[in-house]
Amino acid sequence: MTTVITYGTFDLFHVGHVRLLKRLADLGDRVVVGCSTDEFNRIKGKSVAIPYDQRVEILLACRFVNHVFPESNWEQKREDVLREGANIFAMGDDWAGKFDFLSDIVKVVYLRRTEGISSTQVKVTVRESPKQ
Ligand code: C2G
């Protein structure tokens, strides 16, 4: 049983998130996601449109995701990898190199991001769309 672990805010769930999670599901049998809490996003300096509990509900509705747990700080990853029995730690390559320190306990991989889409871009598009 190969478990793949990843982390993110997954705000305004979009095709970039879906394609990443699908590729993670192709890498193993089980995908577990550390979803950033609203408080942690404040620490990350990220504003979120969708509250944590709804972002978790949406992630769990994704067929590529098996389990979601809260990501509330930068320091919890090592403990998470061990608790989840993760074999692969994977993130989009905007994080390339940032989590190599975990490579003593898990295989660390960075996957190409999907170009042309981001939660910020979705917000701008919605904001600029003509009033219905
Ligand atoms: N992603 C992607 N393509 C996009 C947008 C995002 O592949 N067009 C990937 C990111 O690289 C990340 C995941 O989707 O691996 C989640 O993206 P975010 O929700 O933006 O996550 P982030 O805010 O980068 O939080 O401790 C790690 C952080 O919690 C990651």
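Start at the backbone of G92: a polar atom there is 2.9 Å from an oxygen atom of the ligand. Keep in mind that this is a predicted model.

Now select W95 and show its side chain. An N or O atom in that side chain is 2.9 Å from a ligand oxygen atom. Next, pick E71. One of its polar side-chain atoms lies 2.5 Å from an oxygen atom of the ligand. On its own the ligand has 630 Å² of accessible area, and the protein covers 96% of that.

**The shell around the ligand**

Select the residues around the ligand; there are 21. Which of them come nearest? Colour F10, K46, E71, D94 and I117 to see them. Then colour the shell by class. Seven residues are nonpolar, eight are polar and six are charged.

Turn to the secondary structure. Select β1 (3–8), α1 (15–27) and β4 (88–92): each supplies at least two residues of the shell. Stay on α1. This helix gives the most to the shell, with three residues.

**The largest pocket**

Hide the ligand and look at the space around it. Where does the ligand sit? The ligand is in the largest pocket. The volume of that pocket is about 580 Å³.

Select the lining next. The largest pocket is lined by 33 residues. To find its centre, pick H17, K46, D94, W95 and R113, the lining residues that lie nearest to it. K46 and D94 are also among the residues that come nearest the ligand.

Colour the lining by class as well. The count is 10 nonpolar, 13 polar and 10 charged residues.

Finish with the elements behind the lining. β1, α1, α2 (38–44), β4 and α5 (119–128) each supply at least two residues. Return to α1 for the last stop: its four residues are the most that any element gives to the lining of the largest pocket.

Conventions: Residues are numbered from 1 along each chain as its sequence is written. This is a predicted model: local features need pLDDT of at least 70, side-chain atom pairs count only at pLDDT 80 or more; totals for chains, interfaces and linings use all residues. Side-chain values use heavy atoms; hydrogens and water are left out. A residue is near a molecule or strand if one of its heavy atoms lies within 4 Å of it. A polar contact is a pair of N or O atoms within 3.5 Å; within protein, one must be able to donate a hydrogen and the other to accept it, and residues adjacent in sequence count only if both atoms are side-chain atoms. Accessible areas come from the Shrake-Rupley method with a 1.4 Å probe; for residues, only the protein chains shown count as cover. On a 1 Å grid over the protein atoms alone, a cavity is a set of points where a 1.4 Å probe fits but cannot get out, and a pocket is an open set with protein on both sides within 12 Å along at least five of seven lines; lining residues have an atom within 4 Å of a point. A molecule sits in a cavity or pocket if more than half of its atoms lie within 2 Å of its grid points. Ala, Val, Leu, Ile, Met, Phe, Trp, Tyr, Cys and Pro count as nonpolar, Asp, Glu, Lys and Arg as charged, and the others, Gly among them, as polar. Grid points are joined across faces, edges and corners, and a volume is the space filled by probe spheres set on the points.
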